[in-house]
Amino acid sequence: MNLAHFDRSNLSGRYVSKEQPSVIDDPSIPSGFYGAPTVCVIFAQKNFLYSIPDAFCCAENMVLMAAGLGISSCIVARGEETFDNEAGAALCAAWGVPENYVARCFVALGYCDGDYPQPKPRKANRSKIID
């Protein structure tokens, strides 16, 4: 995929993440799926009001189950944009995805190569507990 023509107009600040760059931000990153050996695509109905939250709840449940099985995982968004082209439409047709369904997100699965990264420190004032 040629990312030079990637539409950055919907990105805040024209980048995906300053803290965790993506393949869109840094073309030297070899895989948008972190080199995972398995990537699951979660499809949902296009015009169903709750298809996006349902898809991400499904992804979260997959990630939680994977963790319980000792499998590393990562939820990756931008499913719609990934398949919104000729090659994506051809894959959906080959896979038998109904025309009224759209890719909402991905779940990358594999095993961590080495130790798990340590959590980053929490940023101050990012949440507020109200009693």
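Biologist: By its relative accessibility, does tyrosine 50 count as buried, partly exposed or exposed, and why?

Modeller: Buried means under 20% relative accessible area, exposed means over 50%, and partly exposed lies in between (1.4 Å probe, protein chains only). Tyrosine 50 counts as partly exposed because its relative accessibility is 47%. This is a predicted model, in which local features need pLDDT of at least 70 and side-chain atom pairs count only at pLDDT 80 or more, while totals for chains, interfaces and linings use all residues. Residues are numbered from 1 along each chain as its sequence is written, and side-chain values use heavy atoms, leaving out hydrogens and water.

Biologist: Where is tyrosine 50 found?

Modeller: Helices (H or I, at least four residues) and strands (E, at least two) are DSSP runs, numbered from the N terminus. Tyrosine 50 is in the loop between E1 and H1.

Biologist: In what order do the three strands stand in the sheet?

Modeller: Two strands pair if DSSP finds at least two bridges between them. Here the order is E1-E3-E2, in an open sheet with antiparallel pairing. Strand E1 (38-45) and strand E2 (72-76) are the edge strands, each pairing on one side only. Five bridges join E2 to strand E3 (residues 101-110), and serine 72 stands opposite glycine 110 in E3.

Biologist: At what angle to E3 does helix H1 run?

Modeller: Axes are lines fitted to C-alpha atoms, for helices over the stretch in contact (heavy atoms within 4.5 Å). Angles run from 0 to 180 degrees between N-to-C directions. Helix H1 (residues 51-68) lies across E1, E2 and E3, and runs at about 15° to E3.

Biologist: How many salt bridges does a search of the whole structure find?

Modeller: Side chains of opposite charge can pair when their charged atoms come close. A salt bridge is counted when a side-chain nitrogen of Lys or Arg is within 4 Å of a carboxyl oxygen of Asp or Glu. The search finds two. Glutamate 81 pairs with arginine 78, their closest N and O atoms being 3.8 Å apart. Glutamate 80 pairs with arginine 104, with a separation of 2.4 Å between the closest N and O atoms. Glutamate 80 lies in helix H2 (residues 79-83) and arginine 104 in strand E3, so this pair ties together parts that are 24 residues apart in sequence.

Biologist: Is arginine 104 buried or exposed?

Modeller: Arginine 104 counts as buried because its relative accessibility is 8%. Glutamate 80, with a relative accessible area of 32%, is partly exposed.
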